[in-house]
Amino acid sequence: MLPEEILAKLSEAVAEGDEDASLELVNEAIAAGIEPLKILNDGAGKGMDVVSEQYNNGEAFLPELVLAGDAMSRVIEVIFANMSQEEAAKSKQGVVVIGQAKGDVHDIGKNVVAALLAVNGFEVHDLGIDVEVKTFATKAQEVNADIVAVSTLLTTSLPYMSDIANYIRDTGNREKYNIIVGGGPVTPQFATDMGADGWSRNAFDCVELCKQLMARKTPGKGEIILIDSEAK
Amino acid sequence: MYNIKVQRLLNMLDKAYTGPIMPMKEWDTKVIPKTIKGILKKYGLTGTLDLENPINCDDDLADTFFKAGWELALELGMYCEDTERVIKITEDELLETIRDYQAYNILGEGQDQVIMKPRRPEDPYAPLVASSLGIVCSEENYIPLVQGIVKYPKLVDVLHGPTLATVFGRTIRSGTPYETLMGNYESQLKKEALWRAGRPGMACTGVAGASTEYGHLGGAPAVAGRGNVTMSLCPVELKCTFSNFHRIIQGLNYGHKLRVGAFSYIGGYAGPPEGAALACVANDLLIPTVLQSDYTSSYVYDIQLFGNCGRKAVWANSVSIQAISRNTAFMRNKIVNETAGPCTEMFMYEAAVGLMNHCVSGASKTTQPRSAGGRYTDYITPVECWWSGDVFKSCAGMTRKQANEIAKKILPKYEEKLHAPDKGLPIKECFDLQAQRPMDNYIELFNRVRNELIDLGMPLDKAFGECYMGKVSDKRRTIVL
C-alpha cells in the first residue's frame, strides 16, 4: 500500500473503533517509514475528527465513541514508542484521571467525556463510578496525571468534589494537577468556589478545556477557565 | 407473612449470582449496541424517527416496537453491575408478571387517597401527578414550598418533594450518616407540610434526596405503609445494582409500593432515538419482572440536550409509551425533563409538549417538574407543579392526532433554545412563600401562556370545567392564582 492509503485506512479503522486493524495499520505505517507525527496527524487524527463529528451530528453514539477512543489510545502508544522523548512530550495531549464522584453511579456523561478525550489523543485513566476521594489522588500520582476530572449528577456528591480538591491541596500536590469538574448540578459558580481549574458545559467543551489547561501549564494557580459553547 | 414479590426478588438475586458473566465494557459497547441495532433492523424500525410528527399516531409502529422490545428483553435481560453477571429472564417469567400484575395501585390514605390505573393511548381517565422532582431547595424554604406544591388537590395528587440542600445546616454527602439523617428529616418535613396544607393522607413517593440506600433507610420508617412508595432508580437502561435491590427490599419491609426506573439515553449505549425507544420498552417489561416494581419510572432522555423536550425525545417517548400502553396493563410514571427555569415561557412550553405527549400516549402518572433542569438551588416554585397538573390531567381523552398538531405548533417556540435554555428566576423573585401565591410577574406570564395554548387547541379548561379551583376571574380563563 502507498503511504497515503495506509493513513486513509488507519483513519477509517480508528473512526470505526477497530482496535486490531488500527494496531496493524499503525505498525504498517511505521514499517513503511512514515513519520510518527504524520501518522498521528494525517492518519489516526483524521479518524478521531470523523468520529467526533459523527457523534456531534447524532450519527455515532457512545459505544462508537468508546471503541474509537480505545483504538486511538492503542495507536498513540505505538506512535509515541517510535518517537524521540522530546517529540513525544511535544505531541502528548496530556494525561487525565477521570471518575464519578463518590456516591454517584450515573456515569453516562462521564463516559462520553472520557471517550471524547481519548479520541482526541489524551491518555485517559477512567476510575469508574462511586470513586473514593483518595483514589483520585492516588491514581493521579501513579500515572503522573496532568488533569484530575470529576463528574457528578447528584447534588449530594458535590461535596466530594471539594473534598478531592482539598485532599490534593492538603497533601501538597495542588500545583501538580489541574482539577476540572462537570455534570448536571455543577455550576460555574460552584466550580469557582471549590477552587477548580476548569469547568465546561458539555463533553466537547471539556476537550477544549483540557487543551487550554495543558497549554497554560499552571495547575492550581491561574484563574478558573469556564467554557460554555452553548451560552447565549 | 411475605408476599410473592419477595420470593421472586430472591430468585432474581440468585440469578445475579449465577447468570452469564460478562465484563461491563463488553455489555456497554458491544452487546447492547449490537443487539439493539440487530433487532431494530429485524423489525424494520431503523429510520422510523419522524421529526415532522413528534407524537406518534401510528398504532402499527407502536405494536412493532412492543414486539421488538419483548424480544430485546428476553434476549438481553438486565445486567447486574455488582456481580458483572446478566440476570436473564424466561418468557414464562415475563408472562407470569403480566398475568399477576395488579389492576391498580392505591396511593395515600383517607380523603387524600388516589388510584393509579393502567391507561391506554387517548384514555379519558385522568393520570396522576406527583410533585416535585428532586430540585434542590434551601432548608428554610422546604416546608412552605411543599405546602404550596400540594395546595390544590385537583392538580397534584402525590408528593415526591424537592431535595434538601442541607440537613440542620450541614452539607449532605451521599452514602454518609448525613444522608441517613436527611432521609428521616425530609420525611418529617414533608409530613409537617402536608399537615399544614390540610392533606395529611397524601402519598409520599420516597425520599427525594436519597442518592443511595442510606437516605431511603433513614426516611422510610417515618412514612411506612399507607400507600407510600419507595423509589429505586437504576443507573442506566437494562442495568441494575445491589443498591436497587437494597431499596426495593427496604420498601417491601415498610409496606411501600415500589416505583423502579431506568432511563434510556438518545446518544448513549442504545444509540439513536429508535434504539433508546426500544430499550425503554424493554425496561418497562424487565423492571416489573426482575425488580418487582408496582409501577415503572423509565423514560427516554436526550444526552445532548440534557432533557427530553426536543423532537427526538418527544417522539421516542411517545412511541415507547404507546407500545406498552397498547399491549400490557403495566402502569408507568413518565417524567418530562424541562430545561428552562421558573417564570419562563420556555418552561411552560416544554412542560406542555412533554406532558401532553405522555398523557395521550398512555402514562398513568408523572413526576414533575424538572425546573431549570434541576441545576440550581431554589429554582423551583409551586407554579410549575400546578402547571404540570393542569396540562397532564386536562389532556386526558385528547387524540394523539390533535396532540401532535398542537405539539408541532408549540415546539418551534422553544426548540432552538434547548441548548441554552432560559434559567428563569429563583423562588423568592417570583413566588411569595408566606402568602402561598405567585408574584404578579409570574401570574401575568402564566395566564398569558396558558391562554395562548388554549388558543392553539390545548383543552386546558376541560379537566376543571369552567372553574379552575374555583378561582376564574373572568369569562375567558384568567386565573387568580
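Analyst: Two strands pair if DSSP finds at least two bridges between them. The model is a predicted one. In it, strand 11 of chain B and strand 13 (residues 257-261) of chain B run parallel and are joined by 5 bridges. The cut-off is at least two bridges, so strand 11 and strand 13 of chain B, with 5 bridges, count as paired. One of the bridges has Leu233(B) with Gly261(B) in strand 13 of chain B as its partner.

User: What makes strand 11 of chain B largely enclosed by the rest of the structure?

Analyst: A residue is buried if 20 or more other C-beta atoms lie within 10 Å of its own. In strand 11 (residues 229-233) of chain B, 5 of the 5 residues are buried, so the strand is largely enclosed by the rest of the structure. Both of its faces are covered. Val229(B), Met231(B) and Leu233(B) are buried on one side, and Thr230(B) and Ser232(B) are buried on the other. In a regular strand, side chains alternate between the two faces of the sheet.

User: Why is one side of strand 2 and of strand 12 of chain B left without a neighbour in the sheet?

Analyst: The open sheet has 3 strands in the order 2-1-12 (chain B), with mixed pairing. Strand 2 (85-87) and strand 12 (239-240) of chain B are at the edges and have a single partner strand each, so one side of each has no neighbour in the sheet.

User: How do you know that strand 1 and strand 12 of chain B pair?

Analyst: Strand 1 (residues 78-80) of chain B and strand 12 of chain B share 2 bridges in the parallel sense. The cut-off is at least two, so 2 bridges are enough. Tyr79(B) has Lys239(B) as its bridge partner in strand 12 of chain B.

User: What makes Ala372(B) and Asp378(B) buried?

Analyst: Ala372(B) has 26 other C-beta atoms within 10 Å. Asp378(B) has 22 C-beta neighbours inside 10 Å. The cut-off is 20 or more, so both residues count as buried. Ala372(B) is in the loop between strand 17 and helix 12 of chain B, and Asp378(B) lies in the loop between strand 17 and helix 12 of chain B.

User: What makes helix 4 of chain A largely enclosed, and how does its span compare with the expected one?

Analyst: In helix 4 of chain A, 14 of the 20 residues are buried, so the helix is largely enclosed by the rest of the structure. From first C-alpha to last, helix 4 of chain A reaches 29 Å, close to the 28 Å expected at 1.5 Å a residue.

User: How is chain A divided into domains, and which helix gives the most to the side of domain 1 that touches domain 2?

Analyst: Domain 1 of chain A covers 3-90 and domain 2 covers 93-227. The contact takes 12 residues from domain 1 and 10 residues from domain 2 of chain A. Helix 4 of chain A gives the most to the domain 1 side, with 8 residues. By class, that side of domain 1 of chain A has 8 nonpolar, 4 polar and no charged residues.

Methods: Residues are numbered from 1 along each chain as its sequence is written. Chains are lettered from A and ligands numbered from 1 in the order in which they are written. This is a predicted model: local features need pLDDT of at least 70, side-chain atom pairs count only at pLDDT 80 or more; totals for chains, interfaces and linings use all residues. Domain bounds come from an automatic or database domain assignment. Two residues are in contact if their C-beta atoms, placed from the backbone, lie within 7 Å. Helices (H or I, at least four residues) and strands (E, at least two) are DSSP runs, numbered from the N terminus. Ala, Val, Leu, Ile, Met, Phe, Trp, Tyr, Cys and Pro count as nonpolar, Asp, Glu, Lys and Arg as charged, and the others, Gly among them, as polar. The expected span of a helix is 1.5 Å times one less than its number of residues. A residue is buried if 20 or more other C-beta atoms lie within 10 Å of its own, exposed if 12 or fewer, and partly exposed in between; C-beta atoms are placed from the backbone.
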